[in-house]
Amino acid sequence: TLFRSRRRGPKGDRGRAALARVTLVAFLRGVNVGGHRRFRPSELVAKLKKYDVTSVGAAGTFVVRKATSRTAFLADMRRALPFETEMMLCDARDLVRLVEENPFGGKAPRPNEVRFAGIFAKKIADPLRFPVSFPPEGEWFVRLIGRQGQFAFGIYRRHMKTIGYLGRMDKFLGTRVTVRNWNTIATVAKLVEVTPKRPASL
């Protein structure tokens, strides 16, 4: 089930105007996790200064305000990184639209549950049925609730088995996926709508 957008009022219109200068949000997959593929986001931001990049957290999430060419930015990003990894890119307006739709509603998550968004390496056109749980029977550790454009969203439980089940989303969705906590997604959505005066990293 594709998550469908509701009508947007004046606030949404102002948001689109504020995003005129924001091109991309970049997500690196599998970095700064468990001692592997470690790097300093602040150093990467400095190397990519011409793109006006802001880092959000340590997991490899970046707002890129001056990437007039995705190809050129990706090439420079790869040269700036000390290792090879996958990068998922999305238009910041699409991410803000997802957050504004508030797909989780107003109900707070349970203490052992974490809301997340998965960002696709490429957009998918195949219709998918949601919700879907991993594993499909018995106690679930990851549950995808729906999809909107280049994103899927869901809930995972705090458990040692969870990371293995998150890895199964690639096969189900038919593309490589990287996951971010919903709090990170919400932070990025707020960041891309602020005035140009901002820190180089958060």
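Trainee: At what angle do helix H4 (residues 92-101) and helix H7 (residues 182-191) pack?

Mentor: In this predicted model, the axes of H4 and H7 lie 9 Å apart. H4 passes H7 in a left-handed crossing, and the angle at which the two helices pack is about 115°.

Trainee: Which residues of H7 does H4 meet, and how many nonpolar residues does the contact have?

Mentor: On the H4 side the residues are Leu95, Val96, Leu98 and Val99, and they meet Trp182, Ile185, Ala186, Val188 and Ala189 in H7. Sorted by class, this contact of H4 with H7 has no charged and no polar residues, and its count of nonpolar residues is 9.

Trainee: Within what arc do the buried residues of helix H3 (residues 70-80) fall?

Mentor: The buried residues of H3 are Phe73, Leu74, Asp76, Met77 and Ala80. They line one face of the helix, because, seen down the axis of H3, they fall within an arc of 165°.

Trainee: Which exposed residues does H3 carry on the face turned away from its buried side?

Mentor: The buried side of H3 has a cover that includes strand S1 (24-28), helix H2 (41-47), strand S2 (53-55), strand S3 (61-64) and strand S4 (87-91). On the face turned away from that buried side, the exposed residues are Thr71 and Arg79.

Trainee: Which residue caps the N-terminal end of H3?

Mentor: The cap involves the backbone nitrogen of Thr71, which has a side-chain oxygen of the capping residue 3.4 Å away.

Trainee: Does Asp76 count as buried or exposed, and with which side chain does its own side chain make a polar contact?

Mentor: Asp76 has its place in helix H3, and because its relative accessibility is 15%, under the 20% limit, Asp76 counts as buried. Leaving aside residues up to four places away in sequence, Asp76 touches Leu48, Lys50 and Tyr51. The polar contact, at 2.5 Å, joins the side chain of Asp76 to the side chain of Tyr51.

Trainee: Where is Arg129 found, and what distance separates its C-alpha atom from that of Leu144?

Mentor: Arg129 is found in the loop between strand S5 (113-120) and strand S6 (132-134). With a relative accessibility of 76%, over the 50% limit, Arg129 counts as exposed. Arg129 and Leu144 are 15 residues apart along the chain, and their C-alpha atoms are separated by 9.7 Å.

Notes: Residues are numbered from 1 along each chain as its sequence is written. This is a predicted model: local features need pLDDT of at least 70, side-chain atom pairs count only at pLDDT 80 or more; totals for chains, interfaces and linings use all residues. Side-chain values use heavy atoms; hydrogens and water are left out. Helices (H or I, at least four residues) and strands (E, at least two) are DSSP runs, numbered from the N terminus. Buried means under 20% relative accessible area, exposed over 50%, partly exposed in between (1.4 Å probe, protein chains only). Axes are lines fitted to C-alpha atoms, for helices over the stretch in contact, and angles run from 0 to 180 degrees between N-to-C directions. A crossing is left-handed if the near helix is turned anticlockwise from the far one by less than a right angle, and right-handed if clockwise. Contact means heavy atoms within 4.5 Å. Ala, Val, Leu, Ile, Met, Phe, Trp, Tyr, Cys and Pro count as nonpolar, Asp, Glu, Lys and Arg as charged, and the others, Gly among them, as polar. The arc is that of the directions from the helix axis to the C-beta atoms. A polar contact is a pair of N or O atoms within 3.5 Å; within protein, one must be able to donate a hydrogen and the other to accept it, and residues adjacent in sequence count only if both atoms are side-chain atoms.
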